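Hello,

Here is the structure I promised to pass on. Please open it alongside this note.

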Amino acid sequence: MVRIGILGATGAVGQRLIQLLEPHPEFDIVTLTASPASAGRSYRDAAKWRADSPIPESVTDIEVVETAPDAIPNDVDLLFSSLPSDVGAEVEPELAAAGYVVSSNSSNARMDPDVPLIIPEVNPDHVNVLEVQQDERGWDGALLKNPNCSTITMVPTLAALDEWGLESVRVATLQAVSGAGYSGVTSMEIIDNAIPHIGGEEQKMERESRKLLGSFDGAEVHLHEMDVAASCNRIPTIDGHLENVWADTRESLSPEAAAEAMADYPSAPLPSSPEPLVHTFEEPERPQPRLDRNLGNGMAVSAGGFRETDDGVQYNCLAHNTIRGAAGASVLNGELLLEEGWV
Ligand code: NAP
């Protein structure tokens with residue numbers, strides 16, 4: 001078994017990581033970290049467990065430690081990180097320098113040229129950016145990222161369309177409150193409401209999607225040339241980001257061909273990659289967050305409402321933001337690191 005630790009284990013994504021990793025056939029949870037306020041307490045005590053399954057017995061008595069290299073046992077093989085990005089920016093490089101391999105969900109460093117940003121079904125070859133990273137930074141360990149939850153929802157569907165030559169993408173999101181973490185949006189702000197701004201989210205979608213669909217030439221990742229513009233909205237759903245996408249392509253693309261390409265887009269040969277990766281609907285009113293976010297155990301993307309536009313297609317897509325969009329994405333990247341010999 002691979003000995004693993006979870007950084008930021010008490011948070012919304014940290015609890016999802018525990019849900020996914022505790023029964024995982026290849027990973028054994030040995031270390032849990034959080035802020036100094038939680039350190040020294042049992043996990044049951046430190047985490048206000050809010051996940052939708054009972055807290056696993058095997059983690060309840062683990063003593064939470066501080067998030068620092070000297071607090072984490074040397075024989076931990078792989079760390080999963082769900083720290084606030086400012087904390088991740090400080091601690092993750094220290095951990096990689098100390099020899100730990102880190103699969104991170106935090107938003108810091110995602111666009112750094114020598115940090116691979118990966119969805120294993122889309123750009124698994126970018127994992128080799130880690131060779132450049134270790135050369136340039138002199139690290140014995142490694143740091144790999146998954147993208148932002150709203151980006152992950154859209155990119156597998158775009159990857160399926162890129163054989164027609166993506167030129168321009170417009171996207172408007174309807175994002176669930178869990179994407180902001182437990183203390184992110186208060187009930188007074190969001191009930192009976194929608195908030196047409198999520199700080200930094202538009203820029204993340206616009207940049208990260210071009211890196212994910214870019215090409216790695218062995219030395220650097222060249223960003224995809226498509227032009228991406230996003231508008232992000234918070235709505236009062238709990239989980240599941242729904243997105244309206246307009247994709248313009250160089251070659252003529254019909255709605256039927258777009259749906260078929262998404263349905264046929266391959267999953268990855270990794271334990272957490274769902275089959276199919278993209279579930280397509282013929283019903284124009286699907287996918288919907290409450291009905292469809294748990295497809296493929298929360299790891300599938302779904303798409304529907306395909307229609308023709310002047311220069312391409314318009315469709316809607318959906319994914320579970322804390323599973324496929326966060327914790328599950330990090331787990332899948334951990335499986336890729338293991339498969340590729342980085343762990
Ligand atoms: P959260 O619920 O606020 O949890 C934050 C975690 O970090 C907690 O375990 C907290 O420990 C720990 N922490 C806070 N300050 C710390 C410090 N100074 N040192 C060490 N640990 C500290 O946040 P979240 O929603 O899980 O998000 C975590 C990360 O994932 C963020 O970077 C977020 O942007 C990203 N993300 C979230 C989603 C989503 O859907 N929620 C999706 C994609 C990406 P304590 O309990 O001790 O405070």
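What follows is a short account of the sheet, the domains and the contact between them.

First, the ground rules. This is a predicted model, with local features needing pLDDT of at least 70 and side-chain atom pairs counted only at pLDDT 80 or more, while totals for chains, interfaces and linings use all residues. Residues are numbered from 1 along each chain as its sequence is written, and side-chain values use heavy atoms, with hydrogens and water left out.

The sheet. Six strands make an open, parallel sheet, ordered β3-β2-β1-β4-β5-β6. Strands (E, at least two residues) and helices (H or I, at least four) are DSSP runs, numbered from the N terminus. Two strands pair if DSSP finds at least two bridges between them. β3 (65-66) and β6 (142-145) each have a single partner strand, so one side of each lacks a neighbour in the sheet. β4 (residues 78-81) pairs with β5 (residues 101-104) over three bridges, in the parallel sense. Phe-80 has Ser-103 in β5 as its bridge partner.

Helix α11 (residues 323-339) lies across β1 (2-7), β2 (27-34), β4, β5 and β6. The helix runs at about 145° to β5 (axes are lines fitted to C-alpha atoms, for helices over the stretch in contact; angles run from 0 to 180 degrees between N-to-C directions).

The domains. Domain 1 covers 2-148 + 326-339, and domain 2 covers 149-320; the bounds come from an automatic or database domain assignment. Their centres, taken over C-alpha atoms, are 24 Å apart. Domain 1 brings 35 residues to the contact and domain 2 brings 36 (contact means heavy atoms within 4.5 Å).

About 2,700 Å² is buried between the two domains, 66% of it on carbon and sulfur atoms. Buried area is the accessible area (1.4 Å probe) that two parts lose on being put together, summed over both. In domain 1, Met-111, Glu-121 and Asn-148 lose the most area to domain 2, together 27% of what that side buries.

The charged pairs. The whole structure has 10 salt bridges (a side-chain nitrogen of Lys or Arg within 4 Å of a carboxyl oxygen of Asp or Glu). Two salt bridges are counted between domain 1 and domain 2. Glu-208 forms a salt bridge with Arg-110, with the closest N and O atoms 3.0 Å apart. Glu-208 sits in helix α8 (residues 201-212) and Arg-110 in the loop between β5 and α5, 98 residues apart.

Best wishes
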